Amino acid sequence: MAKKLVKYFLVDAFTDSAFKGNPAAVCLLEEEKDDNWLQAVATEFNISETCYLTPIIIDSDASNSNPRFRLRWFTPVAEVKLCGHATLAASHALFSNGLVNSNIIEFVTLSGILTAKKVPDGEAFLIELNFPAIPITEFNSIDLAPISKALNGASIIDIKGSADDLFVVLPSAKAVTELQPQFDEMLKCPGKDGILVSGAAPSESAFDFYSRYFCPKFGIYEDPVTGSAHCALAPYWSKKLGKCDFMAYQASKRGGILNIHLDEQNQRVLLRGKAVTVMEGSLLV
């Protein structure tokens with residue numbers, strides 16, 4: 001019997017233009033695959049994230065009739081617990097190709113059940129992701145030299161912890177944009193994952209804050225747009241700016257725009273963005 005082909009889409013997330021935002025490969029599985037295969041395919045795509053969707057059959061008598069999928073995310077070197085742009089890409093692939101007959105999709109993930117909502121926006125649509133807020137913690141290391149070297153001596157306003165990342169606040173959006181990271185030094189920094197840097201946007205800007213995210217330990221030197229990082233950025237900037245709604249810009253070469261709402265009471269972050277499918281095909285192995 002012939003091997004079943006695995007359909008995939010390559011989607012640029014958090015953008016309305018091709019070749020901008022953050023690309024993710026979305027693979028549609030009919031059944032679970034072993035972890036070695038999942039990692040090998042992600043390594044083959046060699047972009048920041050490859051995600052896998054497997055449909056979950058819901059009892060027709062269940063009160064919740066929203067379509068549900070198991071969703072997993074892999075970088076070229078490892079599986080991760082949360083990824084915003086690949087979730088947006090997966091949602092876009094399902095909505096735009098008529099693979100679901102609902103405006104809400106539920107994803108079963110390592111970070112719990114996440115939802116994606118299709119929101120009309122003129123003749124197109126936005127996708128709203130409902131993610132858990134990531135608490136900001138104090139950074140207790142005395143030795144700041146490795147971080148300063150990793151950021152090429154940039155002026156540092158504050159350093160916090162954010163899940164397994166370091167969160168570094170710089171003096172301004174300009175400082176974020178002009179930062180020249182030293183990736184060899186980043187590998188020596190504390191923290192299991194990456195370094196998130198952010199700075200307040202100028203008053204005349206259309207944005208509230210800028211950010212960039214570096215994760216060489218996971219094979220990603222600079223992530224073009226990092227949805228999950230904004231689950232930590234939103235609570236931090238909410239306290240600093242005294243608001244819960246933000247327009248954020250991730251200042252990578254590709255760039256990305258995020259519309260964010262912080263639900264303080266429930267500690268959830270709503271991320272809104274667009275996406276564009278730039279490629280589709282089938283895996284032959």
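# Exercises on a predicted two-domain model

Across the interface of domain 1 and domain 2, 1 salt bridge is found by the rule.

## Exercise 1: The domain interface

Determine which residues each domain spans, how much area the two domains bury between them, and which residues form a salt bridge with a closest N and O distance of 3.1 Å.

Solution. 

1. The domain assignment places residues 5-132 + 273-284 in domain 1 and residues 136-266 in domain 2.
2. Between the C-alpha centres of the two domains the distance is 25 Å. Domain 1 brings 22 residues to the contact, and domain 2 brings 15 residues.
3. About 1,300 Å² is buried between domain 1 and domain 2, with 59% of it on carbon and sulfur atoms.
4. On the side of domain 1, the most area is lost to domain 2 by Phe14, Gly21 and Asn22, which together account for 34% of what that side buries.
5. The salt bridge joins Arg254 to Asp12, with 3.1 Å between the closest N and O atoms. A side-chain nitrogen within 4 Å of a carboxyl oxygen meets the criterion.

## Exercise 2: Two ring pairs that involve Phe207

Classify the geometry of the pair Phe207 and Tyr210 and that of the pair Phe207 and Tyr249, and state what the second pair ties together.

Solution. 

1. The structure contains 13 aromatic pairs.
2. For Phe207 and Tyr210, the ring centres lie 6.1 Å apart and the planes meet at 85°, so this pair is edge-to-face. The cut-off for that class is an angle over 60 degrees. Both Phe207 and Tyr210 are buried.
3. For Phe207 and Tyr249, the centre-to-centre distance is 5.3 Å and the angle between the planes is 40°, a tilted arrangement.
4. Phe207 belongs to the loop between strand 12 (195-200) and strand 13 (209-215), whereas Tyr249 belongs to strand 15 (residues 245-250); the pair therefore ties together parts 42 residues apart in sequence.
5. The relative accessible area of Phe207 is 19%, and this residue is buried. Tyr249 has 23% and is partly exposed. The boundary between these two classes is 20%.

## Exercise 3: Positive phi values and an exposed helix residue

Locate Asn46, Ala163 and Asp184, and decide whether each is buried or exposed.

Solution. 

1. Asn46 is not a glycine, yet its phi is positive, near 55°. Asn46 occupies the loop between helix 1 (35-45) and strand 3 (49-56). With 55% relative accessibility, Asn46 is exposed.
2. Ala163, likewise a residue other than glycine, has a positive phi near 55°. Ala163 is in the loop between strand 10 (158-162) and strand 11 (165-169). Its relative accessible area of 60% makes Ala163 exposed.
3. Asp184 is part of helix 5 (residues 183-186). At 61% relative accessibility, Asp184 is exposed. Its C-alpha atom is 9.9 Å from that of Lys217, a residue 33 residues apart from Asp184 along the chain.

Conventions: Residues numbered from 1 in each chain as written. Predicted model: local features only at pLDDT ≥ 70, side-chain atom pairs only at ≥ 80, totals over all residues. Heavy atoms only, no water. Phe/Tyr/Trp six-rings, centres within 6.5 Å; stacked < 30°, edge-to-face > 60°. Buried < 20%, exposed > 50% of the residue type's maximum accessible area, 1.4 Å probe, protein only. Helix = DSSP H or I, 4+ residues; strand = E, 2+ residues; numbered from the N terminus. Domains from an automatic or database assignment. Contact = heavy atoms within 4.5 Å. Buried area = accessible area lost by both parts, 1.4 Å probe.
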